[in-house]
Amino acid sequence: MLAAPSLSDDPPPSPPLAWLPFGHGESPWRVPLRVLTGAGGEYWPAARVVTSGEHGFGQGETVAWRSDGEHLFLALRRPDESLEEATERAYGAILAALDALGFPHLLRTWNYFSRIGEGEGEAERYRAFVRGRARAFAGRLEAGRYPAATAIGGREPGLIVHALAARDPAMGIENPRQLPAWRYPPRYGRVPPAFSRATLAAGGLLLISGTASVIGHESRHPGDLTAQFKEAWRNLETLCALAAERAGPGRLRGLRVYLREQERWREILAHLPRGIPFTVLHGEICRRELLVELEGVWASLSSAASSPLAADG
Ligand code: 3EB
């Protein structure tokens, strides 16, 4: 069973499914964003003994992987001079690794690249990323089976993709306050984004996508950080409530907050709920008017009870 990740300053003592240090550096496992406040990394506990390796694919793609036999974590880093092509190749390599290693169900991805809002119209880098991902998914994954996702801009060159996959399928969860991203109208891009608002993994872990102040398909509260935070929070809570209908009561186990204007992190602190570990990271949200994005993992209490982390809450 997939256990909730923990925010931590140090790598865990026993080999984890994944240890993702925050901040800049060479490793493909790094989340290449500056910590504004909070823990220095995130670890995903392993259910069993961990194996790891690297998979090479055509055109120089290398995917680093770690697995505990039930779940697979992948990390890939590559140049992004042509972001659409880079993304298509990256996802092609990831899907090939899932096939080769026997974890067919993609639960969650994180995508980091620089200058996400650069370029006008279809030339915008975020849209190029969206098209590349759609091309890789075409014929292999359909709406309703898309992974949860985050796509966030950083300062480091290159495309970094982290992905979590399972042997068992997960359920895509959509937010009734928002249009599914794959139904976004063409004003946000000729090709709509292929991600689910959340996925509920077997065993009761909800992996919540990057969640912003979007209602329907429209950004709300442009320029108002506090109001955006509160709207995004309501979106996040809505997804947790839907998960609880399926998996029983639970709680949020950890939050990442991505903030566009790094000097404003103190304004966020007042709004963060007590008792939920969080880290605030400096990141550019894909729409220019959005100042903040949230993501988190929610776990049903029954899943928490069998998790190695149950004692530390
Ligand atoms: C939104 O709600 C904000 O393209 O993978 C959030 C999370 C967003 C993931 C993605 C985009 C993605 O549309 C943007």
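**Pockets and a buried glutamate**

Q: Which helix and strands each supply at least two residues of the lining of the largest pocket?
A: The model is predicted. In it, the largest pocket is lined by 27 residues. The elements that each supply at least two residues of this lining are α2 (125-137), β9 (148-154) and β13 (205-211).

Q: What volume does the largest pocket have?
A: Of the residues lining the largest pocket, Y126, Y184, C286, R287 and L290 lie nearest its centre. By class, the lining has 11 nonpolar, six polar and 10 charged residues. The volume of the largest pocket is about 480 Å³.

Q: Which elements give two or more residues to the lining of the second largest pocket?
A: The second largest pocket is lined by 16 residues, and P104, H105, L106, L141 and R145 lie nearest its centre. The elements that give two or more residues to this lining are α1 (83-101), β8 (105-114) and β11 (171-173).

Q: How many charged residues are in the lining of the second largest pocket?
A: This pocket holds about 200 Å³ of space. Its lining has nine nonpolar and four polar residues, and the charged residues number three.

Q: Is E42 buried or exposed?
A: E42 lies in strand β4 (residues 41-44). Its relative accessible area is 6%. The cut-off for buried is under 20%, so E42 counts as buried.

Q: Which residue has a side chain joined to that of E42 by a polar contact?
A: Not counting residues up to four places away in sequence, E42 touches several residues, including P5, W19, F22 and R256. A polar contact of 3.0 Å joins the side chain of E42 to that of R256.

Technical notes:
Residues are numbered from 1 along each chain as its sequence is written. This is a predicted model: local features need pLDDT of at least 70, side-chain atom pairs count only at pLDDT 80 or more; totals for chains, interfaces and linings use all residues. Side-chain values use heavy atoms; hydrogens and water are left out. On a 1 Å grid over the protein atoms alone, a cavity is a set of points where a 1.4 Å probe fits but cannot get out, and a pocket is an open set with protein on both sides within 12 Å along at least five of seven lines; lining residues have an atom within 4 Å of a point. Grid points are joined across faces, edges and corners, and a volume is the space filled by probe spheres set on the points. Helices (H or I, at least four residues) and strands (E, at least two) are DSSP runs, numbered from the N terminus. Ala, Val, Leu, Ile, Met, Phe, Trp, Tyr, Cys and Pro count as nonpolar, Asp, Glu, Lys and Arg as charged, and the others, Gly among them, as polar. Buried means under 20% relative accessible area, exposed over 50%, partly exposed in between (1.4 Å probe, protein chains only). A polar contact is a pair of N or O atoms within 3.5 Å; within protein, one must be able to donate a hydrogen and the other to accept it, and residues adjacent in sequence count only if both atoms are side-chain atoms. Contact means heavy atoms within 4.5 Å.
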